[in-house]
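Please look over the sequence and the structure shown here before reading the report below.

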Amino acid sequence: MDQHSLQHRFLGPYGPLGELNHFAQAAKMRFFERSPTTLPPHKSNMTDQKKLFALTVLLALATSLHAQDASVQPQTADDNADAEVKDTFLHNHPSLVKMWKHSNAVRGQYNLPAQKMNPELTKAAQDHAWYMAKTGQFSHHVNGGFVARARRHHFQGSPSGEIILWNAKSIEATFQGWLNSPGHRAILLSGARQVGYGYAVARDGSTYWVGVFGN
């Protein structure tokens, strides 16, 4: 159950807290609409004080429940479901899929087999793209290194290499930049059977591109 559903359940007009708030508001209206001359002054004041105290306690309880319900986290099953949705979204992101397809097209020009797009390697690559865009640190060795990042995102195989590029303006330019670098070219055209790509834009508009390979 997502946060919106939880809030609707507990804070909506038909949830337990919604009914409590409705009751409190109704009691508040009846309290202020009541004529002060219904009872003698001293009894009226005493009764009004008791009602005001009860109303204050009731509203405080409602506020407490509101805070508790708003901070409720999804259960484990819902957490897993939410993670699966996010993983699926990232794995199918149009820009990353285009990078993967272009990678296989480049490999095909050298008579190399196509690689499979791996969701764990995709997360590792995107993790590093986001990190570099946020920090401005352009390096293979920061953020734990590519092997540690692949393990962090539960890749069960053997990470074999990583390629990164800064400030290319298109996917085509990115791959051309990698082909122009002997070290990156060797990894791009290697025998790795799986790959994941990442892409991020920094606040200053510069771009960071990442590919992580494994078997």
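The report that follows takes up aromatic rings and then the surroundings of one alanine.

## Basis of the model

This is a predicted model, in which local features need pLDDT of at least 70 and side-chain atom pairs count only at pLDDT 80 or more, while totals for chains, interfaces and linings use all residues. Residues are numbered from 1 along each chain as its sequence is written, and side-chain values use heavy atoms, with hydrogens and water left out.

## Aromatic pairs

The structure holds six aromatic pairs, where rings of Phe, Tyr and Trp (its six-membered ring) pair if their centres lie within 6.5 Å, and planes under 30 degrees apart count as stacked, over 60 as edge-to-face and the rest as tilted. The pair of tyrosine 199 and tryptophan 209 is tilted, because the ring planes stand at 45°, with the centres 4.3 Å apart. Tyrosine 199 belongs to strand 3 (residues 194-201) and tryptophan 209, ten residues apart from it, to strand 4 (residues 207-214); helices (H or I, at least four residues) and strands (E, at least two) are DSSP runs, numbered from the N terminus.

Tyrosine 199 counts as partly exposed because its relative accessibility is 26%, whereas tryptophan 209 counts as buried at 4%; buried means under 20% relative accessible area, exposed over 50%, and partly exposed in between (1.4 Å probe, protein chains only). Ring pairs also link Phe175, Trp178, Tyr197 and Phe213 into a cluster.

## Around alanine 125

Alanine 125 lies in helix 6 (residues 119-135) and counts as buried, since its relative accessibility is 0%. Apart from neighbours within four places in sequence, alanine 125 is in contact (heavy atoms within 4.5 Å) with Gly196, Tyr197, Gly198, Val210 and Val212.
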